[in-house]
Amino acid sequence: MEAANQRNPGNSSTKLILYSYWQSSCSWRIRFALNLKGLSYEYRAVDLLKGEQFSPEFERLNPLHYVPVLVDGDVVVSDSYAIFLYLEEKYPQKPLLPDDLQLRAINLQAASVVNSSLQPLTTLSLLRNLEVKIGPEETFLWAQSVIEKGFLALEKLLKVFSGKYATGEAVYMSDVFLAPQIAVAMMRFKMDMTKFPTLSRIYESYKSLPEFEASFPTNNLMLQEYSHGHQGPCDQNRLMLCIDQCSITRRSGSYKSRLGAQIKNLFQFFLPKHPNCFLAVWTAIKIKKMFFFSLLF
């Protein structure tokens, strides 16, 4: 695990360190929250696919071997829910919990639904174990049913309180937890969001937030590759994942700025480390039928 600097609007007098994995929705929440609060942090990539979460260094930070982990001076906090509440207490600027007690309770409840009832049941490790027992198709359908149950509950919970965002006209904790979960549901689990009009509407608002765009996983894939300082052969499977997510983002209708960030990261961080990857990048783009010229129009 090596480090790279992630710059966000604003600065903190304390040097925050975030141990993160680019595809982790739990890590995504915290990247989003840090961006919203304008806090700068050092990004330390933990490659879960390579088992870096089991290293002695990381085990000292979190014996459960999960990301994210936030280090703030002598304070080490793991679990995205706990990290969020810590940030809210330690850095009260740009608060992400409302003063109104009812709205605060709704935010805590919605975030808890995502954190406790949705995300843990759709983790990669759990679904892989299920695939062995019941097969990939049944596993995928089961994951969709879990998400549908949770989303229907969130629809009922937020219907009365929602505005532009989950609980009104400002971005709060519920939005921080919902935005990545909805994105994952659409991109990874191909959920039909027409069943959830409230969630669909507020997600459209999230897509226009620069803090959300900056936290998007494909931005952090490039950063992760850069932070590891890979000098060897290009990992084309990871590259294809990045291009695939860019392609999905393009089809969602809000893609120019985010894809622009991908291209910038591609040339600034990734390709200098992988000079033999130019052909791989072009091949991947052609395969996915996503051409750079589409960014210009």
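1. Helix 3 (residues 80-90) has as its buried residues Ser80, Tyr81, Ile83, Phe84, Tyr86, Leu87 and Glu88. Buried here means under 20% relative accessible area, exposed means over 50%, and partly exposed lies in between, with a 1.4 Å probe and protein chains only. Helices (H or I, at least four residues) and strands (E, at least two) are DSSP runs numbered from the N terminus. The buried residues of helix 3 pack against helix 1, strand 4, strand 5, helix 4 (101-118) and helix 7; contact means heavy atoms within 4.5 Å. At the start of helix 3, a side-chain oxygen of aspartate 79 comes to within 3.0 Å of the backbone nitrogen of tyrosine 81.

2. On the basis of the note: this is a predicted model, in which local features need pLDDT of at least 70 and side-chain atom pairs count only at pLDDT 80 or more, while totals for chains, interfaces and linings use all residues. Residues are numbered from 1 along each chain as its sequence is written, and side-chain values use heavy atoms, with hydrogens and water left out.

3. The protein chain contains 13 helices and five strands. Of its 297 residues, 54% are buried. Among contacts in the protein chain with a separation of 6 or more, 72% are between residues 24 or more positions apart.

4. Strand 2 (residues 16-20) has five of its five residues buried. Leu16, Leu18 and Ser20 lie on one side and Ile17 and Tyr19 on the other, and both faces are covered. In a regular strand the side chains alternate between the two faces of the sheet.

5. Strand 2 has two partners; strands pair if DSSP finds at least two bridges between them. With strand 3 (residues 41-45), strand 2 runs parallel, joined by five bridges, and serine 20 stands opposite alanine 45. The link from strand 2 to strand 3 passes through helix 1 (residues 25-37), and this β-α-β crossover is right-handed: with the strands pointing away from the viewer, the path from the first strand over the helix to the second runs clockwise. With strand 4 (residues 69-72), strand 2 pairs in the antiparallel sense over four bridges, and leucine 18 stands opposite leucine 70.

6. Which residues does the hairpin of strand 4 and strand 5 bring together, and what is the phi of glycine 73? Strand 4 and strand 5 (residues 75-78) run antiparallel and share four bridges. Aspartate 72 has valine 75 as its bridge partner. Two residues lie between the strands, and glycine 73 takes a positive phi near 65 degrees. Valine 75 counts as partly exposed, at 33% relative accessibility. Not counting residues up to four places away in sequence, valine 75 touches Leu70 and Tyr86.

7. Helix 1 has 13 of its 13 residues buried. Its 13 residues should span 18 Å at 1.5 Å a residue, and the end C-alpha atoms are 18 Å apart, which agrees; the expected span is 1.5 Å times one less than the number of residues. At the start of helix 1, a side-chain oxygen of serine 24 reaches to within 3.3 Å of the backbone nitrogen of cysteine 26. Just after helix 1, glycine 38 has a positive phi of about 70 degrees.

8. Residues touching lysine 37 include Leu87, Glu88, Tyr91 and Pro92.

9. The largest nonpolar core has 70 residues, and those with the most contacts inside it are Phe151, Leu154, Leu178, Leu199 and Tyr206. Such a core is a set of buried Ala, Val, Leu, Ile, Met, Phe, Trp, Tyr and Cys residues joined through side-chain atoms within 4.5 Å. Helix 7 (residues 173-187) supplies the largest share of this core, ten residues. Leucine 154 touches residues including Val113, Leu178 and Leu199.

10. Some backbone points to check by eye. A cis peptide bond joins valine 67 and proline 68, with omega about 5 degrees. Proline 68 is in the loop between helix 2 (56-61) and strand 4, and histidine 65 lies in the loop between helix 2 and strand 4. Histidine 65 has a positive phi near 65 degrees and counts as buried at 19% relative accessibility. Lysine 190, in the loop between helix 7 and helix 8 (197-206), has a positive phi of about 55 degrees although it is not a glycine.

Note on methods. A polar contact is a pair of N or O atoms within 3.5 Å; within protein, one must be able to donate a hydrogen and the other to accept it, and residues adjacent in sequence count only if both atoms are side-chain atoms.
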